[in-house]
Amino acid sequence: MSQPQRPEKVVVDFRGGVIKPYTRKKEVRLSELREYFSNVEEAEKILLKGKDPLIYEYYEYIYSEAAGNLNLGLTIIYPGKIGKEYYMTKGHFHERDAAEFYFCLKGRGMLLMQNKDGEVSVVELEPGSLGYVPPGWGHRTINTGRGKLVFFFAYPSDAGHNYTIIKERGFAMIVVEEAKAPKVVPNPKYHKT
Ligand code: PAN
Ligand code: ZN
């Protein structure tokens with residue numbers, strides 16, 4: 001018989017640091033994201049100069065992968081743009097019907113969601129706001145502010161991640177700066193199927 005599970009404590013740094021303890025950390029730099037941005041030429045230009053900026057990083061506390069558990073984590077998206085498009089995460093769908101919440105601790109941003117029919121929904125994030133991602137909705141987060149965007153998340157540990165759909169089709173909408181303000185506009189590179 002497996003060991004009984006014991007309760008645990010995780011501490012979140014509200015000033016925008018990390019969670020402790022964490023079991024996994026991932027850093028995503030421009031070189032891994034170049035084809036996600038609408039202005040790929042601009043991304044290539046930066047990389048050709050020998051720069052590879054850190055766009056976001058996340059820390060996860062994975063207690064157990066077994067169904068019935070929760071994965072917890074904290075994501076930090078740095079401020080910046082590639083062309084007019086703000087720094088953002090890749091975005092993904094969960095493999096199974098699994099919800100998630102994003103609780104914003106610091107900064108300003110948008111949680112962009114899209115279902116399998118291509119319907120889009122946006123939740124604006126500022127400290128204290130919680131974006132609820134229902135099962136079946138792909139999700140990406142965008143930093144539209146001048147400082148770091150930091151949010152805490154939790155999702156079922158057997159959710160699974162599908163990155164391929166977003167990588168191949170993109171989101172129907174993208175978030176760009178227009179007249180010094182964030183604007184959600186149609187993605188010229190979006191493939192519906
Ligand atoms: C989050 C995301 C995290 C990074 O933990 O994984 O913010 O975004 P990408 O996974 O799109 O690179 C989550 O939604 N987990 O399910
Ligand atoms: Zn997710």
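Trainee: How do the residues of the shell around ligand 1 divide into nonpolar, polar and charged?

Mentor: The shell divides into seven nonpolar, seven polar and two charged residues, where Ala, Val, Leu, Ile, Met, Phe, Trp, Tyr, Cys and Pro count as nonpolar, Asp, Glu, Lys and Arg as charged, and the others, Gly among them, as polar. Please keep in mind that this is a predicted model, in which local features need pLDDT of at least 70 and side-chain atom pairs count only at pLDDT 80 or more, while totals for chains, interfaces and linings use all residues. Residues are numbered from 1 along each chain as its sequence is written, chains are lettered from A and ligands numbered from 1 in the order in which they are written, and side-chain values use heavy atoms, with hydrogens and water left out.

Trainee: Which residues come nearest to ligand 1?

Mentor: There are 16 residues around ligand 1, and Y56, G91, Y102, H161 and Y163 come nearest; a residue is called near a molecule or strand if one of its heavy atoms lies within 4 Å of it.

Trainee: Which strands supply at least two residues of the shell around ligand 1?

Mentor: They are strand 4 (54–62), strand 9 (100–106) and strand 14 (149–156), and strand 14 gives the largest share, three residues. Strands (E, at least two residues) and helices (H or I, at least four) are DSSP runs, numbered from the N terminus.

Trainee: Why is N143 called buried?

Mentor: Buried means under 20% relative accessible area, exposed over 50%, and partly exposed in between (1.4 Å probe, protein chains only). N143, which lies in strand 13, has 0% relative accessibility and therefore counts as buried. Its side chain has a polar atom 2.9 Å from the backbone oxygen of I77, and it also reaches the backbone oxygen of Y78 at 3.3 Å.

Trainee: Is Y86 buried or exposed?

Mentor: Y86, found in strand 7 (residues 85–86), has a relative accessible area of 4% and is therefore buried. Y86 and F37 are 49 residues apart in sequence, and their C-alpha atoms are 8.9 Å apart in space.

Trainee: What makes P135 partly exposed?

Mentor: P135 has 39% relative accessibility, and therefore counts as partly exposed. P135 sits in the loop between strand 12 (130–133) and strand 13 (138–143), and its C-alpha atom is separated by 7.8 Å from that of R96, 39 residues apart along the chain.

Trainee: Why are A179 and K180 called exposed?

Mentor: A179 is called exposed because its relative accessibility is 81%, and K180 is called exposed because its relative accessible area is 77%. A179 lies in the loop between strand 16 (173–178) and strand 17 (181–186), and K180 is also found in the loop between strand 16 and strand 17. Although A179 is not a glycine, it has a positive phi of about 50°, and K180, not a glycine either, has a positive phi of about 65°.

Conventions:
A polar contact is a pair of N or O atoms within 3.5 Å; within protein, one must be able to donate a hydrogen and the other to accept it, and residues adjacent in sequence count only if both atoms are side-chain atoms.
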